[in-house]
Amino acid sequence: MRLREMDRGKIADTIEAERVARWGENWNELDMNQETHESIHARGIDFVRDIASWYAGQKVLVVTHGYFLGQTFKELMKDESTGYELRNTSVTTIINNGEKSEYVLYDCIRHLSEN
């Protein structure tokens, strides 16, 4: 359950036109009970810590939603410039040396090449 996408609260499963009709032009200034970035970060880091503990020294493949993944990378790497616009089916490899995590491969799509 921790690898799910961001909880969009009241705007889940709606489009812009529906939001404007229901809450007005400034709907995005209202509290829509959306999950906070802090909550996403905490959920992602808790998952990473558990996996690192359960599978210490092993390689682990994790598949999840892009926005959630990007937010987890921001928190894990302590770098706000990372995690944007990850491409669908891209591969990112991370290692942790016990003190910090580092990218070995980031947003790679070589496996999609026709050659």
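**View A. The bridge between Thr 93 and Leu 105.** Thr 93 has Leu 105, in strand E2, as its bridge partner. Strands E1 (91-96) and E2 (residues 101-108) pair in the antiparallel sense, over five bridges. Two strands pair if DSSP finds at least two bridges between them. Strands (E, at least two residues) and helices (H or I, at least four) are DSSP runs, numbered from the N terminus. In a regular strand the side chains alternate between the two faces of the sheet. Four residues lie between the strands in the hairpin of E1 and E2, and there Gly 98 takes a positive phi near 100°.

The model is predicted: local features need pLDDT of at least 70, side-chain atom pairs count only at pLDDT 80 or more, and totals for chains, interfaces and linings use all residues. Residues are numbered from 1 along each chain as its sequence is written, and side-chain values use heavy atoms, with hydrogens and water left out.

**View B. Ring pairs link Phe 73, Tyr 103 and Tyr 106 into a cluster.** The whole structure holds three aromatic pairs. Rings of Phe, Tyr and Trp (its six-membered ring) pair if their centres lie within 6.5 Å; planes under 30 degrees apart count as stacked, over 60 as edge-to-face and the rest as tilted. Phe 73 and Tyr 103 form an edge-to-face pair, because their planes stand at 85°, with the ring centres 5.6 Å apart. Phe 73 lies in helix H3 (residues 66-77) and Tyr 103 in strand E2, so this pair ties together parts 30 residues apart in sequence. Phe 73 and Tyr 106 make a tilted pair, 6.4 Å centre to centre, with 50° between the planes. Tyr 106 also lies in E2, so its pair with Phe 73 in H3 ties together parts 33 residues apart in sequence. Phe 73 is buried, at 6% relative accessible area. Tyr 103 is partly exposed at 28%, and Tyr 106 is partly exposed at 33%. Buried means under 20% relative accessible area, exposed over 50%, and partly exposed in between (1.4 Å probe, protein chains only).

**View C. The largest pocket has a volume of about 1,400 Å³.** On a 1 Å grid over the protein atoms alone, a pocket is an open set of points with protein on both sides within 12 Å along at least five of seven lines; lining residues have an atom within 4 Å of a point. Grid points are joined across faces, edges and corners, and a volume is the space filled by probe spheres set on the points. The pocket has 41 lining residues, and the closest to its centre are Val 60, Val 62, Phe 73, Thr 92 and Ile 94. Helix H2 (37-54), H3 and E1 each supply at least two lining residues. The lining divides into 20 nonpolar, 14 polar and seven charged residues. Ala, Val, Leu, Ile, Met, Phe, Trp, Tyr, Cys and Pro count as nonpolar, Asp, Glu, Lys and Arg as charged, and the others, Gly among them, as polar.

**View D. Asp 13 has a positive phi, near 60°.** Most residues other than glycine have a negative phi. Asp 13 sits in the segment before helix H1 (16-23). Asp 13 is exposed, at 83% relative accessibility.

**View E. Leu 3 also lies in the segment before H1.** Leu 3 is partly exposed, at 24%. Beyond its neighbours within four places in sequence, Leu 3 is in contact (heavy atoms within 4.5 Å) with residues including Arg 43, Phe 47 and Phe 68.

Definitions and conventions. 1 Å grid on protein atoms, 1.4 Å probe; cavity = no way out; pocket = protein on both sides within 12 Å on 5 of 7 lines; lining within 4 Å.
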